Amino acid sequence: MKIIAKKPRICFALPGIHYTAHSPYIRSTLPMLPYLAEDFEITLVYRKMLDPQPYDHPEHRYLTILDPTQLSSKEQQSTQEYFALPNYIAFWKYRQTIAQFAQKHATDFDLIFEKEWAWLGMFAQAFHPYQIPTLILIEAFYKYQKIQQAGWLKQLTSIGIQPFRLALRKHWSQAVDSIVVETRQMQKMLQAHGQVTPQQPIFPIPYGVDSEIFKVRDRNQCRQQLGIKVDDLVLTYVGSLNRFIQEPGAMIEALGRERPANVVLYMVGDGRKQSELEDLARQYQAPVVFTGRQPQSVAALYIGAANLCVAPYNKYLYLDDQFTCASLKIPEYLSCGRLVLSIRCERMDDLLDHERYGFVVDNRVESYCQFFRNLPRQTYLSQMEQTLLHDLNAGILKSKEILFRWWEIADMYKEAIERTLAGKRKISPGKHVSRVANF
């Protein structure tokens, strides 16, 4: 009789995320699922579901930390994509909720993989009493702004919340079995700041790209489909307009101040600060077109229509002003064969191969003004683009670890999961419990 081996059951947890199809956290997870499903049974866990439209209702297996039948009227009305714990009362309540979830589902999973959020490690820690292996994804150390609390009690119970959060993150991070980071820059920072133990395995794994969507297209055909002038020098930005990790404000102001001939910036996306950016563009009469949120297939057309794609990250949001994220958009830009304008930092040196595939400037008005005053000629941009296209087609971007496809990223995750499962079997239950007990 043939015995079919049972697939390990893996929980991918996003405790600070409310499901919506366009969330970057969702977009960086779902493409891997078909490949991971070959070896594992995958369940995604969100805090709750935002009311999805019929076309983006999730087709994968998922659970929610909050019981959808028990949501308060405030929870039902909230449309925030991200969840924060601004005070100790909220922290205690949510930690209790997660503990109840863990108790209910402790026998449902063979490994817990918790993805980045402000209180990273809280979810994994809740499963430690049940001897379940844990993995976390550390994206960055963000300088979160303090949330203004209404009422004296909430103000009082938020005093010192950020140092408390950072101390818990460190403790929880050192208690997990393995760690995934997006970049070698993040790995170095963890080690430099003593956030991990010498024994913990660390797996640097960036993002992948969907090669069916983000592929090289004829520029003029893209412009014809989108109604963009053939003679314009087109800059394309694809991303959120929340002005958090990505901050295009300085670029918009500089474009208005300099107004280089025939240059137009297309902003593809939406977010809480869209009206602020639109006001900024009007104030400086900057040649900016806000397209709103678009399906990925249309966003890829705007990338294809561009001479230069932009990624204005705010590195001052990060600890030590070090940008440590992998960047989802830049590999997608490069996969479309388009040059990139981004920020000056070590990670961009890696992705753009020291400006072989684009340009770097400080994300400040003065730096962008200088760039626009000395804008590279079309012939020079075409030469650089041909170099990029050659390297893309020859597989050189992959060999430089700049561009991976999602099945390749899934293979990296498979290795991290399998090694964590194998390593856990070598640890006695008593030793594991004592390492993380009662915190």
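User: Is Asp321 buried, partly exposed or exposed?
Analyst: In this predicted model, Asp321 sits in the loop that runs between β11 (308-311) and α13 (329-335). Its relative accessible area is 29%, and since buried means under 20% and exposed means over 50%, a value in between has its own class. Asp321 is therefore partly exposed.

User: What is the phi of Glu401, and where does this residue lie?
Analyst: Glu401 lies in the loop between α17 (396-399) and α18 (406-425), and with 57% relative accessibility it counts as exposed. Although Glu401 is not a glycine, its phi is positive, at about 60°.

User: Which residues does Arg257 touch, leaving aside those up to four places away in sequence?
Analyst: Arg257 belongs to helix α10, which covers residues 249-258, and at 48% relative accessibility it counts as partly exposed. Once residues up to four places away in sequence are not counted, the residues that Arg257 touches are Tyr284, Val365 and Cys369.

User: How far apart are the side chains of Arg257 and Glu253 in their polar contact?
Analyst: A polar contact requires a pair of N or O atoms within 3.5 Å, and the side chains of Arg257 and Glu253 are joined by such a contact. For Arg257 and Glu253, the distance is 2.7 Å.

User: What is the C-alpha to C-alpha distance between Arg257 and Asp232?
Analyst: Arg257 and Asp232 are separated by 25 residues in sequence. In space, their C-alpha to C-alpha distance is 18 Å.

How values were computed: Residues are numbered from 1 along each chain as its sequence is written. This is a predicted model: local features need pLDDT of at least 70, side-chain atom pairs count only at pLDDT 80 or more; totals for chains, interfaces and linings use all residues. Side-chain values use heavy atoms; hydrogens and water are left out. Helices (H or I, at least four residues) and strands (E, at least two) are DSSP runs, numbered from the N terminus. Buried means under 20% relative accessible area, exposed over 50%, partly exposed in between (1.4 Å probe, protein chains only). Contact means heavy atoms within 4.5 Å. A polar contact is a pair of N or O atoms within 3.5 Å; within protein, one must be able to donate a hydrogen and the other to accept it, and residues adjacent in sequence count only if both atoms are side-chain atoms.
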